[in-house]
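Let's take a walk through this model together, starting with a pair of helices and ending with the confidence scores. Have the viewer open and follow along.

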Amino acid sequence: MKYLREKIVFFIIALLSALIINFVLPRLMPGDPAERILLKMGGDIQPEAVEAMRIALGVDKETPILKQFFSYLKNTLTFNFGISYSYYPVPVKDLILDALPWTIGLVGISTLISFVLGTALGIRAGWNRNKPIDSFVTISSLIIRGFPYFWLALILLYVFGFLLNLFPLSNAYSTHEFLKGWKFFGSVIYHGFLPGLTLVLASLGTWILTMRNNMVSVLSEDFILVAEAKGLKDKDIMNKYAARNALLPSVTSFGLSLGYIVGGALLTEIVFSYPGIGYLMYKGVTSQDYPLMQAIFFIISLSVLIANFMLDFVYMFLDPRTRG
Amino acid sequence: MVRRLNKKAIVGLSIFFFFVVIAFFAPFLAPYDPNEFVGIPYSRPTSEHILGLDRMGRDILSQLIYGTRLSLIVGLTTGTLMTTISLLIGMTAGYFGGLVDRILSTIIDVFMVIPGLPLMIVIASYIRFRGVVPIILVISFTSWAPGARVIRAQTLTMRNREFILASKITGEKSRRIIFSEIMPNMLSLISSNFFVACLTAIVGEASLEFLGFGDVSAITWGTMLYWAQNSSALLNNSWGWVLAPGIAIATLGASFALLNFSIDELTNPKLRGV
């Protein structure tokens, strides 16, 4: 169980690191967070008000820094993120809970589509290595991967949303009519299509290249030669011999990418004004809503860490070496 | 086969030098002063202004040309800094092993799993000073880990080779062994690392500047996109304004990717296929 223990310790260390970054950053920066908030709200600030705000934020000078840290830990781990500055007095937790389903739905489905499609294309490209189809797929994945994906989002929005008027320009569902049941579902799909397409296109290249390189690597192994010598059908060698063995690293990356479902669409959501976590974080950034930003950073890190941990856990069953 | 490999490298290098030349000769190549009002704002592309004009009636082509300078400088500086951090941490962990390695490896792993862009955003939003330097530092500080991991692994395999052991026995100092014996033997790995770092830097820079974390009065490809987004360029049909910087970023990024790819193929015979 040494393996499992190590993984649990790492999970805790990584989570603590994310928490420490969140705790230390505001305290490292010049200026008083309490004054900053009150200045944002405008008007004259009385010293008593600043002091009260300091206590509310837990940054008053009387409380020792360690005590501040522990109360911060306790609050964050119980998902008590405080109150948003920009949506005052809505708790940050509620804002996140509202945004989370949109992001998970959008990015989750896109990740799955992209993985399946990219892996299938990568298998074909790797099998036909150095033939025109391979060069075409590889080069175009390299090019697509090079585009900043928020730019891809801008262009798709312009062409399909604005010029051709095929898709809506913002939001996740129709806001000017009240829809129920299947109609609502349809409107969600309709609104999610372009952001989803952006996400699929943006990550497709990586899946293709990973799978292609794995395939090329596996194809130079001896057992492929044996399979060929036995006179097996090309299709069988490709799917049952090569692809099966080349798939494992891709599956690992897929497991990891599940962790990025929450935080993987920041810029896409911003471009499409999609009411998910990324857009919420952007609003937090533009209005200097620090509790909101920090909470989102924590949630994103947490989901990546959990996915990571789950993957390690699954590996424990798959790979006997880890059991020791 | 060698000819094929070189093709990728040649294309990559040509693109890179193309941008270097543009950056260097920007004042001669740009048709207008990038900060000067030369026509009606949001003008569509015409023969005089190939990419049109921005919200303040400035020539977009000239901005693109001048923007190459800062974008390229930030990309290369960040790439260099990031590679240096990866090298120092990776080689130290791999060479010394033991407790040092355990601590450094844990730090590397932590930075691997903490999501990059959100971390960059959180750090950048606390920095009051807006400009090129914070962007370089934030990207380098958050994105060095994957490189360090690869370099650590490579150093680890090299540590027990005979020529390193020989140097140890003759009493060479660790620092000399690391920098004069191990590092020169990893040059291909380091350079492929550098190209990946530059690619990360170029995209990271564009993303941060697009979000408004850059110096919005400076001209770079990222700030061009920031202004395009914030003045609704596309809704004004000013497509040149959005299209051009994106293509420039992607092309430069692709050149780094191609260079990395060609080094990978050179050093890993398996990728060459049969």
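At roughly what angle do the axes of helix α5 (residues 92–127) of chain A and helix α8 (residues 181–219) of chain A cross? They cross at roughly 35 degrees and come within 6 Å; axes here are lines fitted to C-alpha atoms, for helices over the stretch in contact, and angles run from 0 to 180 degrees between N-to-C directions. α5(A) passes α8(A) in a right-handed crossing, that is, with the near helix turned clockwise from the far one by less than a right angle. The residues of this contact divide into 20 nonpolar, ten polar and one charged. Nonpolar covers Ala, Val, Leu, Ile, Met, Phe, Trp, Tyr, Cys and Pro, charged covers Asp, Glu, Lys and Arg, and the others, Gly among them, are polar. Helices are DSSP runs (H or I, at least four residues), numbered from the N terminus.

A word on the ground rules: this is a predicted model, in which local features need pLDDT of at least 70 and side-chain atom pairs count only at pLDDT 80 or more, while totals for chains, interfaces and linings use all residues. Residues are numbered from 1 along each chain as its sequence is written, and chains are lettered from A and ligands numbered from 1 in the order in which they are written.

Now to the meeting of the two chains. In all, 39 residues of chain A are in contact with 34 residues of chain B, contact meaning C-beta atoms, placed from the backbone, within 7 Å. α13(A) gives the most to the chain A side, with eight residues. That side divides into 27 nonpolar, ten polar and two charged residues.

Next, look inside. The largest nonpolar core has 151 residues, being a set of buried Ala, Val, Leu, Ile, Met, Phe, Trp, Tyr and Cys residues joined through C-beta atoms within 7 Å. Its largest share, 16 residues, comes from helix α12 (residues 239–267) of chain B. B:Leu225 is among the residues with the most contacts inside this core, and beyond its neighbours within four places in sequence, its contacts include A:Trp151 and B:Val242.

Helix α10 (residues 187–210) of chain B holds B:Leu199. B:Leu199 counts as buried because it has 22 C-beta neighbours inside 10 Å; the cut-off is 20 or more.

Finally, chain B averages a pLDDT of 86, pLDDT being the predictor's confidence in each residue, from 0 to 100. The model scores ipTM 0.82 and pTM 0.84.

Definitions and conventions. A residue is buried if 20 or more other C-beta atoms lie within 10 Å of its own, exposed if 12 or fewer, and partly exposed in between; C-beta atoms are placed from the backbone. Helices (H or I, at least four residues) and strands (E, at least two) are DSSP runs, numbered from the N terminus. Two residues are in contact if their C-beta atoms, placed from the backbone, lie within 7 Å.
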